[in-house]
Structures are given as C-alpha cells and as structure tokens.
Amino acid sequence: MNKILKYIVPVAAMLLSTGLTSCLNDLHVTPIDPSVQTEVEPEQLFNKCYANFALAGNGGADGDCDVDGIDGGTSGLYRQYWNSQELTTDEAICGWGDEGVPTYCYNTYDASHPMLRGYYYRLCVGISYCNQYLMVFNDYNATMSAEVRFLRAFQMYLLMDAFGNVPFTTTISSEAPQQKKRAELFSYIESELRAILGEIETDNKQVLEDDMYHKSGDPRYGRVDKAAAWLLLARLYLNAEVYTGTPQWKKAQDYAQLVKDSHYNLNLDGSSKEVTITEPGTENSFTEIWEFTAYQMLFMGDNDHTSAAEEAIFPLISDGKRTTSWGVSLFLIASTHDGDMRDLPYDSFFEDDAKRAVNGVSGQAWGGNRARPDLVRKFFPMDDAPEGLYAYETFSAAMDDRALFDTRGRSFNIEDPGTFKQGYAVAKFNNLTTDGSTTKDATHPDMDVFLMRKAEAYLILAEAYARQNEMGLALENINILRNRAHARPLTKINSLDDILDEWSREFYFEGHRRTDLIRFGKFGGNSDYIWQWKGGEYNGRNFEAFRNIFAIPSSDIIANKNLHQNDGYK
C-alpha cells in the first residue's frame, strides 16, 4: 500500500453524501440509481478513510465534493479544522469576506455558521467511512482495522473538542444516533486508542537500519502506527480537565514520553547545498550555497524525503499531480502569501518560472491569512520587530528560527482586517525545495502537512511536568525545541503563560491554538488575555464562555430530535 493518499480509487455510492440528514447517520449504501455500483474493495475504502483528512472528494481539487452545502474548495477537513482553530485566536486573522470568515475572526459564530457546518459534516462523513469499513471489512486485516479505528477515534476527538456533546454511533443504520456527553465520548476514545495498541503497527526500531522508515519511498509513510496512538492519547489526557472536569497530567506525561522515546526524530540539522541558478531567458548562471534551518525544512516542498520526514508522525500527503486540493498545503501556502513576498533571496531561483520564487507555486498568492500582532509579540515582546525585512531575514533578527514573518511594506497593527498588508505576513509554508529542484506541478504543491509531529510530545511533557510542579523537567523539554530553533534557552519558567507562549512559537498556524487557549483559560469567558480584534473590537474584549464550544449546526438539530443544542446558542 504505497503512498496511501495518492492512489484513491472511486467507490461510487459509498463516497457520495447527498445531503446529510443527521450526523453519523448519513452514509446509505443502497443506491437510488440501480446502475450505481456499490461493491467496494477493502483497500479502496481503507484509502478513503485516510483521504477524508486531506481531499474534498475523488475528483481532485476541482472535482465533486463528498459534502454538500459548502464550496468544495473550502470543504476539506483540514482547511475547516485550521479555520476553527486559528482564525478564532490571537494568531491569525483573515481579510476575506467569505461568509463565516469575519465571524470566526470576531468570535461571533452561531448555529448557522456555514464553515462550522461544513467542518461538522466533514467529520461526520469521515467517521461514517470508518464505520462502514469496520462493519464490512473488520476481519480482513488486523493492522488495517486498527488504523481505521485510530482514524475514527481521531475524528471523534476533533468533533468532541469542537462541538462538545455530539451524536455518536459506530454503525450505519437508519436510526437517528443518540447524543453523548463530552466526558462519555472522552472515555470511549480513550478505550479505543488503548485497545488498538496491540494491533496497530509497532514502533519498530529494526526498520531504522536502512534509514527509510517514514520517508518517501517507504510504503508505510502516511500511515499511522503506535506513536500516533500514543500522541493522540497524550493530547487527550492533556485536555482531560476541559473535557471531563478531571485533570490527568501524569497520563499525558507518560504517553508523551513514549512518543519521545520512539523511533521518530526531531529534525535537528538544517540543509546546506550548492545550487546553480540560471537567469530566466538567458544562459547566465551562477552558484550559491542555499541554507535552510531545520525548522524551515518541516514546511517545504520536499519535506517527505529529507530528514524533516523523520519528525512526521501523521503526515497528510500532497502530490502536485496525484492529489490536488485547495484545502491543505496549497491553502496554507497561498493564503499566507501575496505577490510581494519572497521566501528566498533571489527571484530567479527557478529558471523556468521566476514567479515560483515567491512561495514555490506559480500564481498562487491569495493574500488572506496573516499574523495578528499578538503572535509577533511572542518573538518580539517589545513590539520591536524590524520593518522592511523578508522572512528569511526576520528570524535572524528575532534570534529564533521560527519567526518567519515578512515585514516589508506591512504594518504591525491591523486597523483594517480587510487589508492584507496590515499585519505581518507569515512565510512559514512554501513549496520550495532544499536542493533547488522544481516540484511536480506549478500550481499544486508537494509540501506534506504534518498533522502530528514529534515536537508536540516535548511540549506536552513540558506542560505536564510544569502542572505537576516539576519545573526542571519542564524546562529541559522546552529548551530542546528552543535549541533546535537557535533561540536562547530559558533559565526559568515564571508561570504557565511561558509554556503557552512556547506552544505558539513552535506550532503557530498549525491548528493547535484554540484548544491551547481554552486549556489555559485564555479563550472565552472572563479571561485576563485580550488580543487585537478579540470579540470583534480593535483593542479586544472578552466574549462569552459558552463560545469555548461551537454550536451544533441547526440543520442537524432539526434533523435529529435526539440532539440538544449546546448551552448559549439558539
């Protein structure tokens, strides 16, 4: 099973959701049209269970979407997960007027929010694919079934994190599912993840001998194993107090330690290569030494076959020819760039297309998502970020490789959210390569998105230790990541806020922030943390605590009489 997301075979009616009548109860296998084929091979449906994380449907970026009622380009799970986790926080703001974007940015979402509806139903249909696989093919292959159970548990975790008390079923039937309390679903996800540890692919040390494990060319790259289950358990326990009312810091520590001890490696070494550059339209060429930091390499077009891949525990695979989407790597790259940015010193880096030097994809610089000033302050706490710098110059000024902000011609503060040049641009993601080679396609990138990477285990350990008053061990784990970024090591943790800031420095724009802010008591309610445009005001204001959980879409409340709306929403 090579490149699991890159060989998706259409599965006819199994993959069509034509109006979701109620979450987790939408996938009917008896077609209305008798000419539609419903016979499915296990490998096809197995692939589809993975593909739901990255692809809108079977037809590529411009093909049919598996979820109705939302634009196909925006309907992918990752894009809607990212929007809900980033635009609602102190990290990102978007200037687009698409329905749902401003209410995300101003924390005024409700039960009719179109993007939350799309996210909710995308998770529902993904869980349904997994349910169908386990109903029909559970005995086909023990390892594959364990992986599908992980994928289902992960999507249930995201549904629980976002929407709280949600409908639940592990079967496909005509019965409307019952609603589970958040704490009940927590227990189910916990038991599922622990149950599969004996069946899912082991954390196999032996495969390291050929240095091919979890790299491009390895048939298991893109598939989850024990380390993914350990990391999701660690994440679950880290947020246990939010979900159940009871903290479980020691369990978070224990499972994060298993990930830390696993065969995955932090990418610690940057790339330095000699590259020949030819000026477009001429025969003039020159040679340069191109250097990229270890942190930059995690978010580049060749991150699946450099040492960066060793950090990827659950990558969403992108291929410019075989998997195309407007909602994963292209979304991250294009939405954060405009045409005035340069992620490399020379515009002529690619001899066949000079425009690719902006971000590695031709003509895809949409100018939407950029940094709120509160994110920049994590690296420049005195509001002294130098103006007029490209991103490859800014991280040197910050003395932290992670500070990838373009400040040229841009303002620090955002008085008009609709103007992209108000707010510093984020140049964290691109489709450039460490050796200067072009990727497979000019428009669609090859950059894989690391949905789970090993660095998370270090910060879970740091936080879990700190919350158990073991500050020395917390400091040790934080400084491993700071050393990787060439940032000055911390000598003391003054408060938990220091750890929250470190979560932002390492994982900004990667979809962690809303959950982190809620865990630290910094999101909705009477918080002591205000960011620009929080609650829809320029100087920020607190918003209602009930918005820590999103509303269940009103369409599902109407369709399923077993459901009750989350408190605070109508």
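Contact here means that heavy atoms lie within 4.5 Å. Keep that in mind while reading about this model, which is predicted.

**The chain as a whole**

We have a protein chain with 18 helices and 10 strands. Of its 570 residues, 62% count as buried. If you take the contacts with a separation of 6 or more, 72% of them join residues 24 or more positions apart.

**The nonpolar cores**

In soluble globular proteins, nonpolar side chains tend to be buried together. In this model, the largest nonpolar core has 163 residues. Phe150, Phe154, Phe314 and Phe405 are the ones with the most contacts inside it.

What does Phe405 touch, leaving aside its neighbours within four places in sequence? Its partners include the aromatic residues Phe379, Tyr390, Tyr424 and Tyr508. Also in contact with Phe405 are Ala371, Leu375, Val376, Leu389, Ala391, Thr394, Ala425 and Val426. Another core, of five residues, lies apart from the largest one, with Met341, Ala391, Ala425 and Ala427 among them.

**Cysteines**

A disulfide is a covalent bond between the sulfur atoms of two cysteines.

| Cys49 | Cys130 | 4.0 Å | 0% |

Cys49 counts as buried because its relative accessibility is 0%, which is under the 20% cut-off.

**Glu510 in its loop**

Glu510 sits in the loop between helix H16 (496-507) and helix H17 (513-519). Is this residue buried or exposed? Its relative accessible area is 9%, so Glu510 is buried. Setting aside neighbours within four places in sequence, its contacts include Lys428 and Arg453, along with Glu86. Tyr78, Tyr81, Trp82, Tyr295, Phe299, Phe429 and Phe450 are in contact with Glu510 as well.

**Helix H15**

Helix H15 covers residues 471-484, and at 1.5 Å a residue its 14 residues should span 20 Å. The end C-alpha atoms are 20 Å apart, so the two values agree. Buried residues in H15 include Leu475, Ile478 and Leu481, and also Asn477, Asn479, Arg482 and Arg484. Among the elements covering them are helix H9 (249-260), helix H10 (294-297), strand S10 (449-453), helix H14 (455-467) and H16. After H15 comes His486, with a positive phi near 55°.

Note on methods
Residues numbered from 1 in each chain as written. Predicted model: local features only at pLDDT ≥ 70, side-chain atom pairs only at ≥ 80, totals over all residues. Heavy atoms only, no water. Core = buried A, V, L, I, M, F, W, Y, C linked by side-chain atoms within 4.5 Å. Buried < 20%, exposed > 50% of the residue type's maximum accessible area, 1.4 Å probe, protein only. Disulfide = S-S within 2.5 Å. Helix = DSSP H or I, 4+ residues; strand = E, 2+ residues; numbered from the N terminus. Expected span 1.5 Å × (residues − 1).
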